[in-house]
Structures are given as C-alpha cells and as structure tokens.
Amino acid sequence: MSARPVDGDDGAMGALLEFDHLRVEVPTPVGPRPVLRSVSLSLFAGEAVGLVGESGSGKSMTARSVLGMLPGAATIGGAVRFRGTDISTLDATGLRRLRSRDVAMVFQDPRATVNPVRTIGDFLTEVLRERGMSRSAAVAVGAGILADIGVDDVPRRLKQRPYELSGGLLQRVVIAAALAGEPALILADEPTTALDVTTQEEVVAILDEQRRQRGTALLFISHDLELATAVCDRIAVMYAGEIVEILPAKSLHEDARHPYTKALLRARPGSVPPGERLQTVPGTPQSGIEAPSGCVFADRCPVAEADCRTTVPLLVGGVACHLEVP
Ligand SMILES: Nc1ncnc2c1ncn2[C@@H]1O[C@H](COP(=O)(O)OP(=O)(O)OP(=O)(O)O)[C@@H](O)[C@H]1O
C-alpha cells in the first residue's frame, strides 16, 4: 500500500486517484456556472475515502468525473488522474478499460444498473466474459462471490431476473458484480440510500468487509456522516462544489475545524440526548451554482467575517477556513 497523507491533501505522489483542482462548469441562463469549483483530493491504493455533504454539493459529479461521465455540455478544468494518467487524454479503448477493469461504480438504485430482462447470472459474469473468461469459469467466480457475501440458494439466484429479487438482494448482486472484475477502485454513490435501514447496514457491512479483504480502494459518497465515518479511513466534506475539510475518520469528532463540518456533526441524530431537538444546519443547502464567490459557506456560517465574502479560503492543513469555531 502506498504512503498516505496524514491529513489534508498534500501527498498526491503515488496516489491511485487524484482530483487536481477539478473545476466543472455547466451552462445556465446567466452563462456558465461552476458545479465543482476546485476539487483536490487524492485516494491511495486500498484506502476508503468518504465524500460527504448535503444535496447538490457535487459529490456525484466528482465521482462521475472519474469515469468521464460528466454532462456533455460541461466545461472541465484541472485534471482527474488515475494511476497518474489524466483521464481526459484516454481514447475510447482507454476509457472502456478504465470502466470495465480498473474502476467499478455502484449507484443508489440497483434497478437502474441491472438490465431488467437479463438473468442475474448474465449480469454478474458480464465483465469476466468480456475479458475472455469461459462461461463456466465466470459463473464459478460470480457464484463464489455471491456465496461469500451471504446470498443463499445461489444456483437459483443466477437464473432469476432482477424483478424477482428485493432491492437489498439486488444491490448485493451489483456489489458482487463490481467485485468480480477485481477493480482497484470502487465508486459507491449513496449505495444504500434506496434501501430500508436494516438492509442498509447489511449491504454497507458487505461492501466494507469485501473491499478490505481485497485491498480495493473505495470512494464512498454519502450524505450520512456517521455511515461514512464507520467505513472510511478519511472523510472529505463537500459544500457547494468545494471540499471544505479533509480529515481522518477516526478523529472526525474531536478534530473537525470547519464550521460546516461542525454544524453537520451537531445535526446528527444521537448528537443530542433523546427528547431534545436536533440542531439543523442553519439556512438551506447551496450548490456551486448558487454559492457566493468568497467562502462558499459564508451565507450560512455563524462566524463569517467580512473578508470571508471576498476571499476564497484555501484548503490548508486539511481545512478551508482560518477561523476558530467553538
Ligand atoms: N446533468 C447536469 N447538468 C447540469 N447541472 C447538473 C447536472 N447534474 C447535476 N447538476 C448540478 O450539479 C450540482 C451538483 O450535483 P451533484 O448531483 O453532484 O450533487 P450531490 O452532492 O451528489 O447531491 P445529491 O446528494 O442530491 O445527489 C447540482 O447543482 C446539480 O443541480
């Protein structure tokens, strides 16, 4: 495993995945506006990084940029590098290889991922078959992973179609298919949000256990800080198209310094005694399109000063804020 940065994001040397001042602008009626402003983040082999933040902060855009899946009309600045190669320089073959071999993506809704008319067995073995593995060998690998992750009656499951499986079971199949290709990186975009709470826990536990066993890196996208903290080594907190803080998951509660991270922590269920009202983050979430031009959090920040509205704070030492927040 490569050396990891202690905090912040200064240690890009040897990174598996590197977002380097990634900026994405989309056309709006008032001209191009940024949905990602300047995202810099490195992910190392075998590492799990959680990308957390409210709706519209740009988590999905960041993940999609890895696979070249940004909106066609978007203008892109900066770079996304996988094993040192800028993915914008890849031709169609290179992109296909990246998507089918190096990086797997697990989305929120498994039913949108799996072809509804094909069998589970076909879906599960697709990547391996594309690589030239025989059908029987591919089925053996896929079936082995399903069994490993606790799916019962595997031979029957392989013959079933997606509509015959529950959402939780189908998401396990999607995770099994992602693992079958032995990618170096899994991008998981809110992989359990569409599932009920008990199933959520099981599915996250499977993803966590399997990727640790295999040494697969994980970019785990979630609006749930607690969930991300449970499965990730580091947490990158996003707000309005910017990463405002990056810190080790295990010391998130003690070491959080950004006013937004602190507000998210106070808004967690369980952060107040039973019966007491939760403190929500004041104001409404903003996307990069709407955010002010200085510090993106200035409009909602309880300690913002005049220059916060005019100066963009740099992400230094893991935090993009120079103020001391109680
Ligand atoms: N295809 C698109 N064209 C233009 N703008 C888009 C497109 N997709 C998303 N956006 C905008 O980009 C911003 C970031 O969206 P993104 O989906 O990355 O946020 P998110 O943090 O993943 O939010 P959520 O948790 O709601 O999925 C939002 O303002 C969104 O409206």
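In which helix is the place of Ile-145?

View 1. Ile-145 sits in helix H5, residues 135–148. This is a predicted model, in which local features need pLDDT of at least 70 and side-chain atom pairs count only at pLDDT 80 or more, while totals for chains, interfaces and linings use all residues. Residues are numbered from 1 along each chain as its sequence is written. Helices (H or I, at least four residues) and strands (E, at least two) are DSSP runs, numbered from the N terminus. Ile-145 is buried, with 20 other C-beta atoms within 10 Å. A residue counts as buried if 20 or more other C-beta atoms lie within 10 Å of its own, as exposed if 12 or fewer do, and as partly exposed in between, with C-beta atoms placed from the backbone. Leaving aside residues up to four places away in sequence, Ile-145 touches Ala-176, Leu-179 and Ala-180. Contact here requires that the C-beta atoms of two residues, placed from the backbone, lie within 7 Å. Leu-179 is 34 residues from Ile-145 along the chain, and their C-alpha atoms are separated by 7.9 Å.

View 2. Val-203, Val-204, Leu-207 and Arg-211 are the buried residues of H8. They lie on the same side of H8, because they cover an arc of only 100° around the axis. That arc is taken from the directions from the helix axis to the C-beta atoms. Thr-198 and Gln-213, on the other side of H8, are exposed. The cover over the buried residues includes strands E3 (48–52), E7 (185–189) and E8 (217–222), along with helices H7 (167–180) and H9 (225–231). After H8 comes Gly-215, with a positive phi near 70°.

**View 3. Leu-169 in helix H7.** Leu-169 is found in helix H7. With 19 other C-beta atoms within 10 Å, Leu-169 is partly exposed. Pro-191 is 22 residues from Leu-169 in sequence and 12 Å from it in space, C-alpha to C-alpha.

**View 4. Helix H1 and the ligand.** There are 14 residues around the ligand, and Val-35, Ser-55, Ser-60, Met-61 and Ser-287 come nearest. A residue is near a molecule or strand if its C-beta atom, placed from the backbone, lies within 6 Å of it. Helix H1 (residues 59–66) gives the most to this shell, with three residues. H1 is mostly covered, as six of its eight residues are buried. These are Lys-59, Met-61, Thr-62, Ala-63, Ser-65 and Val-66. Gly-68 follows H1 and has a positive phi, near 65°.

**View 5. Leu-278 after helix H11.** Leu-278 lies in the segment after helix H11 (259–266). Leu-278 counts as exposed, with 11 C-beta neighbours inside 10 Å. Arg-266 is twelve residues from Leu-278 along the chain, and 7.5 Å separates their C-alpha atoms.
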